[in-house]
Amino acid sequence: PMPSLVRVTNLQNGKSAIIRVNDRGPFKDSRIIDLSKKSAEHLGVSGLSKVRVQFLQHETEEYLTAIRSGQKFDMF
């Protein structure tokens with residue numbers, strides 16, 4: 001479902017963050033996810049980096065329920 005929540009982990013330094021996926025990109029064959037500048041800075045990612053992306057089904061369902069009912073949802 002869009003939007004979805006995923007946990008992105010930088011495999012070089014172990015830093016991770018919960019990221020909201022807004023669209024179906026990226027549109028480059030060699031990439032699995034494009035990050036916002038702020039998310040990349042938080043994870044210590046610059047340019048192309050190896051990351052793990054994990055879909056957070058339970059958190060996504062909670063997020064979608066909250067936004068549909070007009071409630072605030074804190075991802076962090």
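## A tour of the predicted model

The protein's secondary structure consists of two helices and three strands, where helices (H or I, at least four residues) and strands (E, at least two) are DSSP runs numbered from the N terminus. This is a predicted model, in which local features need pLDDT of at least 70 and side-chain atom pairs count only at pLDDT 80 or more, while totals for chains, interfaces and linings use all residues. Residues are numbered from 1 along each chain as its sequence is written, and side-chain values use heavy atoms, with hydrogens and water left out.

**Whole chain.** Show the C-alpha trace; along its principal axes it spans about 40 × 25 × 20 Å. From the N terminus on, the order of elements is β-β-α-β-α. Of the 76 residues, 29% are buried (under 20% relative accessible area; exposed is over 50%, partly exposed in between, with a 1.4 Å probe and protein chains only).

**The sheet.** Next, select the three strands. They form an open sheet in the order E2-E1-E3, with antiparallel pairing; two strands pair if DSSP finds at least two bridges between them. Strands of a sheet pair through backbone hydrogen bonds, either parallel or antiparallel. Strand E2 (16–21) and strand E3 (51–55) are the edge strands, each pairing on one side only. On average, neighbouring strands of this sheet are turned by 30 degrees against each other, direction ignored. Axes here are lines fitted to C-alpha atoms, for helices over the stretch in contact, and angles run from 0 to 180 degrees between N-to-C directions.

Now keep strand E1 (residues 4–10) and E3: five bridges join these antiparallel strands. Which residue in E3 does Asn10 stand opposite? Val51 is the residue to look for.

**Helix H2.** Contact means heavy atoms within 4.5 Å.

Within helix H2, pick Thr60. Is Thr60 buried or exposed? Thr60 counts as buried because its relative accessibility is 1%. Leaving out residues up to four places away in sequence, Thr60 touches Pro1, Pro3, Ser4, Leu5 and Phe55.

**Gln54.** Go back to strand E3 and select Gln54. Gln54 has a relative accessible area of 35%, so this residue is partly exposed. Apart from neighbours within four places in sequence, Gln54 is in contact with Leu5, Val6, Arg7 and Thr9. Draw a C-alpha to C-alpha distance from Gln54 to Ile18: the two are 36 residues apart in sequence and 9.3 Å apart in space.

**The pockets.** Finally, switch to a surface view. On a 1 Å grid over the protein atoms alone, a pocket is an open set of points with protein on both sides within 12 Å along at least five of seven lines, and lining residues have an atom within 4 Å of a point.

The largest pocket holds about 450 Å³ of space. It is lined by 23 residues, and Ile19, Arg20, Val21, Asn22 and Asp34 are the closest to its centre. E1 and E2 are the elements that give two or more residues to this lining. The largest share, four residues, comes from E2.

The second largest pocket has a volume of about 290 Å³. Its lining has 13 residues, with Arg31, Ile33, Gly47, Leu48 and Ser49 nearest the centre.

Terms used
On a 1 Å grid over the protein atoms alone, a cavity is a set of points where a 1.4 Å probe fits but cannot get out, and a pocket is an open set with protein on both sides within 12 Å along at least five of seven lines; lining residues have an atom within 4 Å of a point. Grid points are joined across faces, edges and corners, and a volume is the space filled by probe spheres set on the points.
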